[in-house]
Amino acid sequence: MTIFIYAREEIEQLIEKEFPTKTAVISFYDPPVGSHEAPPVDFCGKAGRLFQAAVWDIHYDELEDYGLRYEDYFPEAEKLASFIADAEKDGWDIICQCEYGQSRSAGCAAAIREFYEESGISIFADYRYCPNQMIYHKVYDALVRL
């Protein structure tokens, strides 16, 4: 299983071209708030498997500002872990995508790599990324609990 990290702009370009087969997509986007809405990427007819999640790209010390507790942040992590396990079992590659391809998607990719290959640190060490640690822990912990 190969894991790729994409930003919105990059994935939209890939969608315009020939989308890779046997590739599951995990797509993070901001929850809609008032008049600000950044809708999720439209993968219609492109991704064979798709998991989309509206989740804030925030850090632990910002949870209270959003009216959240760690326990309430990213409740879809358990379903995502099952989605990841199914993709891995079936031999699919995984694309992790978020707005800038640096934080939520990188945190998710690091968790997957750490769980399956014990190499998640490579994403944390890559200067291109700043993995969201809450996404990392939520996904990794959910994979462990499977």
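Where does F74 lie? F74 sits in the loop between strand 3 and helix 2; helices (H or I, at least four residues) and strands (E, at least two) are DSSP runs, numbered from the N terminus. Before going further, note that this is a predicted model, where local features need pLDDT of at least 70, side-chain atom pairs count only at pLDDT 80 or more, and totals for chains, interfaces and linings use all residues. Residues are numbered from 1 along each chain as its sequence is written, and side-chain values use heavy atoms, with hydrogens and water left out.

Phi of F74 is near 55°, a positive value in a residue other than glycine. Most residues other than glycine have a negative phi. F74 is also buried, at a relative accessible area of 3% (buried means under 20%, exposed over 50%, partly exposed in between, with a 1.4 Å probe and protein chains only). Now look at E118, in the loop between helix 3 and helix 4. Its phi is near 55° too, but E118 is exposed, with a relative accessible area of 66%.

F74 takes us into the middle of things. The largest nonpolar core has 36 residues, and I26, F28, F74, L80, C108 and V139 touch the most other members. Such a core is a set of buried Ala, Val, Leu, Ile, Met, Phe, Trp, Tyr and Cys residues joined through side-chain atoms within 4.5 Å. Among the elements giving it two or more residues are strand 2, helix 2 (77-89), helix 3 (104-117) and helix 5 (133-145). A second, separate core of 9 residues includes I11, L14, A47 and I95.

V139 leads on to helix 5, where it is one of the buried residues, along with M134, I135, Y136, K138, A142 and L143. What covers them includes strand 2, helix 2, helix 3 and helix 4 (121-125). At the start of helix 5, a side-chain oxygen of N132 reaches to within 2.9 Å of the backbone nitrogen of M134.

The axes of helix 3 and helix 5 come within 8 Å and cross at roughly 30°; axes are lines fitted to C-alpha atoms, for helices over the stretch in contact, and angles run from 0 to 180 degrees between N-to-C directions. Where they meet, helix 3 brings residues including C108, A111 and F115, while helix 5 brings I135, V139 and L143 among others.

Terms used:
Contact means heavy atoms within 4.5 Å. A polar contact is a pair of N or O atoms within 3.5 Å; within protein, one must be able to donate a hydrogen and the other to accept it, and residues adjacent in sequence count only if both atoms are side-chain atoms.
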